[in-house]
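Work through the exercises below with the sequence and the model open. Each task is followed by a solution in steps.

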Amino acid sequence: MSRPPRPARTAAAAALAALVLTGCSAGGGEQAAPQEGSSGSPAVPLVEPGVLTVCSESNYPPFEMEQDGEMVGLDMDLGREIAADLGVEMKNVTLAFESIQSGAALDTGQCDVAISALSITEERQTVMDFSDPYYDNELGLVTDGEDGPASIDAAREQGARVGVMQGTLGEDQAAELGLEAVQFEDATTMFTDLGTGGVDAVLDDVTAISEHSKDNADFVLRETRDVDDQLGVAVRRGNEAMLAQVDATLDRIEQDGTRERIVETWIPVREN
């Protein structure tokens with residue numbers, strides 16, 4: 001599948017637009033042996049017969065979150081599309097993000113695929129294989145109100161405490177930019193700390209910032225950076241059969257409009 005068309009980035013940019021109006025100036029281990037012939041497609045073995053097991057973080061809206069006792073979100077809908085093409089049901093396993101992004105969850109057979117807003121990075125490509133990208137993202141700096149640092153440069157110069165998700169592109173960028181990063185293991189705690197003054201700002205995906213800003217009208221997006229951040233579905237290294245199936249599903253839902261529908265469901269375009 002070719003790189004997703006710009007509408008994916010347009011969706012992120014549209015989500016950003018609502019925030020602009022609020023006042024912004026802008027591992028590896030021993031590999032588990034999958035069971036042969038356990039999916040609807042005999043060429044794609046699964047770790048549990050008859051089920052596509054998807055690893056994700058428990059709470060990173062709009063990509064994954066619990067709603068009425070069920071995991072929902074953009075990534076969950078994507079997993080169900082892959083499962084449907086395999087002729088099986090999808091089961092979600094929620095894990096700490098570190099175990100997902102390190103490749104440990106895949107290597108130890110805890111899941112067939114990891115779909116958890118994973119940015120495709122060179123470091124991660126050494127421990128897992130990625131599908132074609134399914135979503136383009138941007139990074140943004142957000143503060144609670146107008147009193148925090150007005151830009152990334154200001155955050156660095158002021159020595160502001162900047163919240164970042166552990167193991168994410170935001171953490172990498174904070175290090176490169178010389179920011180005083182405060183690591184968090186989950187996004188909900190990070191954005192809660194921003195609202196209570198535990199940190200002066202947060203550096204994270206614009207899409208996630210937009211989602212959490214729904215619950216806090218005082219959040220102000222100060223600056224965005226296009227870091228060519230693309231999200232992909234991860235599989236255990238060398239699992240060529242599963243990777244081919246995931247790419248085939250991504251190609252199908254791109255062609256029939258399903259991907260666009262899923263994105264618009266979870267990241268709706270907002271008018272200024």
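The chain has 10 helices and 12 strands, where helices (H or I, at least four residues) and strands (E, at least two) are DSSP runs numbered from the N terminus. This is a predicted model, in which local features need pLDDT of at least 70, side-chain atom pairs count only at pLDDT 80 or more, and totals for chains, interfaces and linings use all residues. Residues are numbered from 1 along each chain as its sequence is written, and side-chain values use heavy atoms, with hydrogens and water left out.

**Exercise 1. Locate the disulfide and describe its geometry.**

Step 1. A disulfide is counted for a pair of cysteine sulfur atoms within 2.5 Å. By this rule there is 1 disulfide.

Step 2. The partners are Cys55 and Cys111, with sulfur atoms 2.1 Å apart. The angle about the S-S bond is -110°, and the link of Cys55 and Cys111 is left-handed.

Step 3. The link joins distant parts of the chain: Cys55 is in strand S1, while Cys111, 56 residues apart from it, is in the loop between helix H4 (104-107) and S5. Both Cys55 and Cys111 are buried.

**Exercise 2. Find the aromatic pairs and classify two of them.**

Step 1. Rings of Phe, Tyr and Trp (its six-membered ring) pair if their centres lie within 6.5 Å; planes under 30 degrees apart count as stacked, over 60 as edge-to-face and the rest as tilted. A search of the whole structure gives 3 aromatic pairs.

Step 2. Tyr60 and Phe63 are stacked, at 6.1 Å centre to centre with 15° between the planes. Tyr60 is buried, its relative accessible area being 5%, and Phe63 is buried at 0%.

Step 3. Phe191 and Phe219 form a tilted pair, with 6.2 Å between centres and 35° between the planes. Phe191 lies in helix H7 (residues 187-196) and Phe219 in strand S11 (residues 219-231), 28 residues apart, so this pair links distant parts of the chain. Both Phe191 and Phe219 are buried.

Step 4. Ring pairs also link Tyr60, Phe63 and Tyr135 into a cluster.

**Exercise 3. Examine the backbone at Pro62, Ala117 and Asp228.**

Step 1. Pro61 and Pro62 are joined by a cis peptide bond, with omega about 5°. Pro62 is placed in the loop between S1 and strand S2 (65-67).

Step 2. Ala117 has a phi near 50°, a positive value in a residue other than glycine. Ala117 belongs to the loop between S5 and S6 and is buried at 8% relative accessibility.

Step 3. Asp228, not a glycine either, has a positive phi of about 55°. Asp228 is in strand S11 and, at 47% relative accessibility, is partly exposed.

**Exercise 4. List the residues in contact with Asp77, leaving aside neighbours within four places in sequence.**

Step 1. Asp77 is part of helix H2 (residues 74-86). Contact means heavy atoms within 4.5 Å, and on this basis Asp77 touches Ile262 and Trp266, neighbours within four places left aside.

Step 2. A polar contact is a pair of N or O atoms within 3.5 Å; within protein, one must be able to donate a hydrogen and the other to accept it, and residues adjacent in sequence count only if both atoms are side-chain atoms. The side chains of Asp77 and Trp266 make such a contact at 2.8 Å.

Notes:
Buried means under 20% relative accessible area, exposed over 50%, partly exposed in between (1.4 Å probe, protein chains only).
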